[in-house]
Amino acid sequence: MAKEIDMNDFSSNQVEETVVNTGKKMRIGIIGCGGISSSHIKAYMQQPDVEIVAGCDLIEGKAEEKFATCAEKFGNAEMVANAKFFTDYKEMIDTVPMDAVSVCTYNCTHAECAIYALEHGLNVLLEKPFTVTLDEAIEVMKAEKKSGKIVSVGFQPRFDANMQMIKKVVQSGELGRIYYVQTGGGRRHGIPVSWSETFIEKDKAGLGALGDIGCYSIDLVMNALGNPKPLTVSGTATDYFGTTPEAYAKVGKPECAEKFSVDDFASAYIRLEGGIILDFRIAWYMHLDTPGDTIIMGTKGSLRVPSTDCWNGTFRQPMTIYHDVAGVPTQTEVPLLPKTEDLWNRKIRSFLDACINGTEAPVPTSQIIYNQAILDGINRSSKLGREIEVEIPEI
Ligand SMILES: NC(=O)c1ccc[n+]([C@@H]2O[C@H](COP(=O)([O-])OP(=O)(O)OC[C@H]3O[C@@H](n4cnc5c(N)ncnc54)[C@H](O)[C@@H]3O)[C@@H](O)[C@H]2O)c1
């Protein structure tokens, strides 16, 4: 029997402690066979108790091609040898017996795929962002509750040792009462269109920089703070760069300017439960190196997390705690831990173990609903030009 995994347990060997029962195979289906599905398939291929039984993509032949490429590249052709292929996820779920699906579709179809899978008794590993709107996320949670199955949302940086250290520092009480947090990040010239253009189209991605990378920096701090409920949001989401051909000079795709219909920059001032202010900004494109470090300010000390690639768990410099020692302002460096190289293995293994043991999802919707409420709040506030209140019904 596999050991239960607790995301709040900071032991570095969560995955290694798992004992896998190879006798019973978990039957997995993949919905959406674009870029990120390769990481899912690769990680499943490393699990001894998995069989990938089906693949589906709206685009005819794409699932077959993805499975063939992964079999060749990752060297476990046997695991996908009997897979069936579909262009309609409903047909796949209706006809192939499965235990769980990875939903790797673009954001606008996350909710419908997850809900259909749950209604048909399947566990769901859902890629981030949770959904596009808060209403969709609520519908997924209702379906999850009704089904008795789990949905885990794809925030693999949570498994990184340095990311976990942020939470450990905050939860240790070393900083005292937290009252102000600044987070965010971004890329100087980095609108992601090199492998797929679905990220910049409103009817596919729904959200731009906010849904691609913004949700990661929000998760970084929300997870560290213990997921306080957002109460109000005043935000803006703009598109000054994505709509210009110059933004695609690096990738040689000026025509993308015509397609661009999401945000390339967003910022917000968010009031969280417990009197905490969250000051946030995210950019896909900017004339600046970084919009700032993550800082977590408390009544006994503050933590500075040097600007990170929050979307892949990369830390380049150590964190620093600013506090008084015997009344003297002092800085304490938190030693940088080695990068956790097997984030995807941990993401997939913890999901499988939760399915097998019937335990809580490793990255549960009950936490990520607040992330989604912030994304949704920024968009609503931006459209209305004023602060909005966040309302999340009891589910
Ligand atoms: N966790 C991570 O590190 C990470 C990294 C990149 C992307 N993502 C997330 O993964 C998702 C997919 O990103 P991507 O880069 O693979 O995009 P992509 O455009 O390369 O692939 C998405 C695929 O989903 C398919 N699809 C969409 N709706 C479908 C449906 N209803 N049924 C079947 N297939 C459907 C599309 O045809 C496309 O092939 C996005 O939500 C993105 O935010 C996560």
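How are helix 1 and helix 10 oriented to each other, roughly parallel or roughly perpendicular? They are roughly perpendicular to each other, in a classification that takes angles under 35 degrees as roughly parallel, over 145 as roughly antiparallel, 65 to 115 as roughly perpendicular and the rest as oblique.

## Basis and confidence

This is a predicted model, in which local features need pLDDT of at least 70 and side-chain atom pairs count only at pLDDT 80 or more, while totals for chains, interfaces and linings use all residues. Residues are numbered from 1 along each chain as its sequence is written.

The protein chain averages a pLDDT of 94, and 95% of the residues score at least 70, where pLDDT is the predictor's confidence in each residue, from 0 to 100. Over residues 1–15 the pLDDT is below 50, and this stretch has 25 contacts in the model beyond near neighbours in sequence; two residues are in contact if their C-beta atoms, placed from the backbone, lie within 7 Å. Where pLDDT is low, the predicted coordinates should not be read in detail.

## Domain division

The protein chain is divided into domain 1 (26–156 + 343–363) and domain 2 (160–340 + 374–384), with bounds that come from an automatic or database domain assignment. Taken over C-alpha atoms, the centres of domain 1 and domain 2 are separated by 26 Å.

Across the boundary, 12 residues of domain 1 are in contact with 17 residues of domain 2. The side of domain 1 that touches domain 2 consists of 7 nonpolar, 4 polar and 1 charged residues; here Ala, Val, Leu, Ile, Met, Phe, Trp, Tyr, Cys and Pro count as nonpolar, Asp, Glu, Lys and Arg as charged, and the others, Gly among them, as polar.

An open sheet of 6 strands has the order 3-2-1-4-5-6, with parallel pairing. Strand 3 (84–86) and strand 6 (151–153) stand at the edges with a single partner strand each, so one side of each is left without a neighbour in the sheet. Helices (H or I, at least four residues) and strands (E, at least two) are DSSP runs, numbered from the N terminus, and two strands pair if DSSP finds at least two bridges between them. On average, and with direction ignored, neighbouring strands of this sheet are turned by 20 degrees against each other. Strand 5 (residues 123–126) pairs with strand 6 in the parallel sense over 3 bridges, and the bridge partner of Leu-126 in strand 6 is Val-153.

Helix 4 lies across strand 1 (26–31), strand 4 (100–103), strand 5 and strand 6, and runs at about 160 degrees to strand 5; axes are lines fitted to C-alpha atoms, for helices over the stretch in contact, and angles run from 0 to 180 degrees between N-to-C directions.

## Two helix pairs

The axes of helix 4 (residues 110–119) and helix 5 (residues 134–147) come within 9 Å and cross at roughly 10 degrees, and the two helices are therefore roughly parallel to each other. Ala-111, Ala-114, Ile-115, Leu-118 and Glu-119 of helix 4 make this contact with Glu-136, Glu-139, Val-140, Ala-143, Glu-144 and Ser-147 of helix 5, and the residues involved divide into 6 nonpolar, 1 polar and 4 charged.

For helix 1 (residues 37–45) and helix 10 (residues 343–357), the axes come within 9 Å and cross at roughly 75 degrees. Ser-39, His-40, Lys-42, Ala-43 and Tyr-44 of helix 1 meet Trp-344, Asn-345, Lys-347 and Ile-348 of helix 10, a contact with 4 nonpolar, 3 polar and 2 charged residues.

Strand 13 (residues 319–325) is joined to strand 14 (residues 328–334) by 7 bridges in the antiparallel sense, and in their hairpin, which has 2 residues between the strands, Ala-326 takes a positive phi near 50 degrees. Strand 8 (residues 230–238) pairs antiparallel with strand 9 (residues 265–272) over 8 bridges, while 2 bridges join strand 8 to the antiparallel strand 15 (residues 388–389), in which Ile-388 stands opposite Val-233.
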